[in-house]
Amino acid sequence: MILTGALIISTISLSGCSIGKDREQEEAYRSEGIAAFKAGDYQTAIEKFDLALEESKGDTSELETDIIYYKAKALVENGDPESAIGIYDEILEEDPSDSNVWYLRGCASLAAGLIEQADTDYARAVQNAPNDYELTFAVYQAFKDAEQPEKANAALEQALAFEEESEEDLCRKGYICYLLDDTQQANSYLNQAIEEGSDQAVLYQGMIYAQTGQREEAVTMFDRYAEEHADDPDEMLDLAAAAEGGGLYEEAIRYYSALREMEDVDGQAVLKGLIASYEGSGDYETAYTLLEEYLQSWPDDESAQKELTFVQTRR
């Protein structure tokens with residue numbers, strides 16, 4: 001996507017145009033803006049992105065495009081989604097077929113409380129990205145988070161009309177049916193996907209078994225998935241969370257414990273999941289011990305501090 005110099009200038013809120021500054025300074029401001037964004041200091045992030053754009057001197061490279069995207073996201077998080085919408089509108093004037101920008105505009109519209117406008121924006125996003133399941137799931141989650149269940153489910157139902165080009169498409173449709181509480185159709189899609197070699201369908205099938213109280217079948221599927229991904233921390237974390245979410249706390253504890261022995265693991269997420277699983281199993285003594293360990297590493301986690309007080313009363 002190529003942006004006009006006018007667009008970049010229009011995103012700069014500070015007056016004046018600095019001449020002769022270098023790209024290194026622009027990248028430095030961008031890095032500072034991203035750091036502030038990740039720290040939740042969105043106002044500072046916006047100011048840093050503005051400074052970075054001043055350094056661009058009207059350039060229209062991918063770096064400036066990236067900065068503009070970050071600034072728009074920061075505006076949304078800072079409570080000014082209307083300004084973000086303005087930025088997305090200018091981008092869309094240059095390329096109205098950009099599904100990602102339509103999706104981001106939908107998120108900004110949703111943040112502004114413009115539910116119907118968000119629906120329209122998301123529809124344009126999907127229209128420009130046919131058969132994009134990941135986009136569909138993102139729209140579903142956005143509406144779900146906004147407490148718009150009917151629109152969330154409508155996004156999923158639309159995806160059921162997508163073409164089935166692989167076993168992974170069957171798997172995705174099975175997962176969609178699972179989210180829509182259509183267990184029978186979900187099983188149909190997932191069984192076919194498993195027969196055609198979809199590994200992810202094994203995990204989803206286990207989730208359905210857990211949801212429907214078929215514990216033995218769920219454990220069989222989960223353990224099968226674990227064997228295939230024993231050395232993959234991301235996949236094992238998904239598995240552990242699925243077991244925990246399905247109420248299979250004994251298995252979740254087993255998976256989380258295995259994760260603690262692995263490298264390149266999100267230690268905080270693993271320990272949180274392990275604590276929750278011990279609580280779910282009724283072993284509050286172990287949960288309390290692990291919470292004390294957790295707070296040694298993350299002492300500022302207020303929710304964990306409150307959880308420690310609660311668990312102490314259940315020991």
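**View 1. Packing of helices H7 and H8 in the predicted model.** Helix H7 (residues 115–127) packs against helix H8 (residues 133–145) at an angle of about 170 degrees, with the axes 10 Å apart (axes are lines fitted to C-alpha atoms over the stretch in contact, and angles run from 0 to 180 degrees between N-to-C directions; helices are DSSP runs of H or I with at least four residues, numbered from the N terminus). H7 and H8 are therefore roughly antiparallel to each other, a term for angles over 145 degrees. Ile115, Ala118, Asp119, Tyr122, Ala125 and Val126 of H7 meet Leu135, Val139, Ala142 and Phe143 of H8, where contact means heavy atoms within 4.5 Å. By class, this contact has nine nonpolar, no polar and one charged residues (Ala, Val, Leu, Ile, Met, Phe, Trp, Tyr, Cys and Pro count as nonpolar, Asp, Glu, Lys and Arg as charged, and the others, Gly among them, as polar).

The model is predicted, with local features needing pLDDT of at least 70 and side-chain atom pairs counting only at pLDDT 80 or more, whereas totals for chains, interfaces and linings use all residues. Residues are numbered from 1 along each chain as its sequence is written, and side-chain values use heavy atoms, with hydrogens and water left out.

**View 2. Packing of helices H15 and H16.** The axes of helix H15 (residues 249–259) and helix H16 (residues 267–281) lie 9 Å apart, at an angle of about 155 degrees. H15 and H16 are therefore roughly antiparallel to each other. On the H15 side, Tyr249, Ala252, Ile253, Tyr256, Ser257 and Leu259 meet Val270, Gly273, Leu274, Ser277, Tyr278, Gly280 and Ser281 of H16. The residues of this contact divide into eight nonpolar, five polar and no charged.

**View 3. Packing of helices H2 and H4.** The axes of helix H2 (residues 23–38) and helix H4 (residues 62–77) come within 11 Å and cross at roughly 25 degrees, which makes H2 roughly parallel to H4 (angles under 35 degrees). Arg23, Glu26, Glu27, Arg30, Ile34 and Phe37 in H2 meet Leu63, Glu64, Asp66, Ile67, Tyr70, Lys73, Ala74 and Glu77 in H4. By class, the contact has six nonpolar, no polar and eight charged residues.

**View 4. Lining of the largest pocket.** Phe37, Lys73, Val76, Glu77, Tyr88, Leu104, Cys107, Ala108, Leu110 and Ala111 line the largest pocket (on a 1 Å grid over the protein atoms alone, a pocket is an open set of points where a 1.4 Å probe fits, with protein on both sides within 12 Å along at least five of seven lines, and lining residues have an atom within 4 Å of a point). The largest share of the lining, five residues, comes from H6, and H4 and helix H6 (99–111) each supply at least two residues. The lining residues divide into eight nonpolar, no polar and two charged.

Note on methods. Angles under 35 degrees count as roughly parallel, over 145 as roughly antiparallel, 65 to 115 as roughly perpendicular and the rest as oblique.
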